[in-house]
Amino acid sequence: MDKIVRKKNVWIVGASSGIGEALAKEMDRPEYRLILSARRAKELEKVASGLKTEAVCLPMDVLQFEGHAQLVEEIGSKWGDVDILIYVAGKGQRTAFMETGAKDFQLLMDINFNAFVSVVRQVVPGMISRKSGAVVAVNSIQGKIAIPSRTAYVASKHALLGFMNSLRLELHACGIHVLSVLPAYVRTEFSLRALKKAEEVCQGIDPNHLKGVTPQTVAKKTFRALRKGSLEIHPGRFSQVAGVYLHKILPYKIFYWILRKKFR
Ligand SMILES: NC(=O)c1ccc[n+]([C@@H]2O[C@H](COP(=O)([O-])OP(=O)(O)OC[C@H]3O[C@@H](n4cnc5c(N)ncnc54)[C@H](OP(=O)(O)O)[C@@H]3O)[C@@H](O)[C@H]2O)c1
């Protein structure tokens, strides 16, 4: 008799556009059931309706921390445990430190870091008991390299990287794969939704993003990394990710001098 293989549940948080949408399309494979979350329910429906595999929409605002446990319970009762969690939700920043109030700081820390930790807290116990699973965080090259006018964003993404590195060591023995994806600039509308000064709100997409890789490239590389069990990847144009390697090999004083020249 043929063995019936259960579909793996892949929960993509931040699936309504950009990299999350591309990941949903990349993971549109018969072995997966996709659970798509973000705030814009209509956009999620649009993404789901273009997929061949089973895809369900579960709208959520990650800032509603008190709802996380209930959402995970709902997933569990309707479709079973989450096998792969992919957290893509994020908010950018284009404001100098003194223009970034405490509330703005909190908002970015909450979306980019605290909400992820809260979701992981709900999902990981099931993975530990099954001794399998994967936790993927879409971070940023700025999780390693700081640039100006990104104090809150850089802090949240550095926190995310540190959290993932520690979590990976803890969960290794439980057979759980922990993957950090650190893209350089990607051609999405991320910069339009970033925190910025009122007078800059109507400006178009940051030209750096237009010169970046496509979200499909990031999705393909992420999927490959998931399959290979990679720990960390840096999808992006070589000129934009080169900093990661320079940062590793150069003394900080020299690296800092290069950054100062670039951002003066
Ligand atoms: N684009 C780049 O150049 C770039 C580079 C490096 C890293 N990244 C990272 O990639 C991730 C995705 O960005 P993107 O470029 O794909 O931009 P995007 O199209 O703006 O995607 C952001 C996603 O986050 C979701 N989101 C934002 N706030 C949310 C909230 N409160 N609750 C639930 N979902 C929320 C958005 O959905 P809703 O608005 O529908 O809620 C959307 O699906 C971010 O974490 C970003 O830091 C992007």
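Biologist: Is the crossing of helix 3 and helix 4 left-handed or right-handed, and how do you know?

Modeller: The crossing of helix 3 and helix 4 is right-handed. A crossing has that name if the near helix is turned clockwise from the far one by less than a right angle, and is left-handed if the turn is anticlockwise. The model is a predicted one, in which local features need pLDDT of at least 70 and side-chain atom pairs count only at pLDDT 80 or more, while totals for chains, interfaces and linings use all residues. Residue numbers start from 1 along each chain as its sequence is written.

Biologist: At what angle do the axes of helix 3 and helix 4 cross?

Modeller: The axes of helix 3 (residues 68-79) and helix 4 cross at roughly 40 degrees and come within 9 Å. That angle makes helix 3 oblique to helix 4, because angles under 35 degrees count as roughly parallel, over 145 as roughly antiparallel, 65 to 115 as roughly perpendicular, and the rest as oblique. Axes are lines fitted to C-alpha atoms, for helices over the stretch in contact, with angles from 0 to 180 degrees between N-to-C directions.

Biologist: Which residues make this contact of helix 3 and helix 4?

Modeller: Helix 3 contributes H68, A69 and V72, and helix 4 contributes S118, V119, Q122 and V123; a contact requires C-beta atoms, placed from the backbone, within 7 Å. By class, four of these residues are nonpolar, three polar and none charged.

Biologist: What makes helix 4 roughly parallel to helix 5?

Modeller: Helix 4 (residues 102-130) and helix 5 pack at an angle of about 20 degrees, with axes 8 Å apart. This value falls in the roughly parallel class, so helix 4 is roughly parallel to helix 5. Helix 4 passes helix 5 in a right-handed crossing. Among the residues in contact are F105, L108 and F116 of helix 4 and Y153, L160 and F163 of helix 5. The contact divides into 12 nonpolar, two polar and two charged residues.

Biologist: What makes helix 1 oblique to helix 7?

Modeller: The axes of helix 1 (residues 18-26) and helix 7 (residues 215-228) cross at roughly 55 degrees and come within 8 Å. This angle belongs to the oblique class, and therefore helix 1 is oblique to helix 7. The crossing is right-handed. Contact residues include G18, I19 and L23 of helix 1 and V218, A219 and F223 of helix 7.

Biologist: How do you know that strand 2 and strand 3 pair?

Modeller: Strand 2 (residues 32-37) and strand 3 are joined in the parallel sense over three bridges, and pairing requires that DSSP finds at least two bridges between the strands. I35 stands opposite V56 in strand 3. Helix 1 packs on the sheet, touching strand 1 (8-13), strand 2, strand 4 (84-87) and strand 5 (133-138), with its direction at about 165 degrees to that of strand 1.

Biologist: What is the order of the strands in the open sheet, and which are the edge strands?

Modeller: Seven strands run in the order 3-2-1-4-5-6-7, with parallel pairing. Strand 3 (55-57) and strand 7 (232-233) are the edge strands, since each pairs on one side only.

Biologist: Which residues come nearest to the ligand?

Modeller: G18, A38, R39, R40 and G90 come nearest, out of 32 residues around the ligand. Helix 1 gives the most to this shell, with three residues. The shell has 15 nonpolar, 10 polar and seven charged residues.

Methods. Helix = DSSP H or I, 4+ residues; strand = E, 2+ residues; numbered from the N terminus. Contact = placed C-beta atoms within 7 Å. Near = placed C-beta within 6 Å. Nonpolar A, V, L, I, M, F, W, Y, C, P; charged D, E, K, R; others polar.
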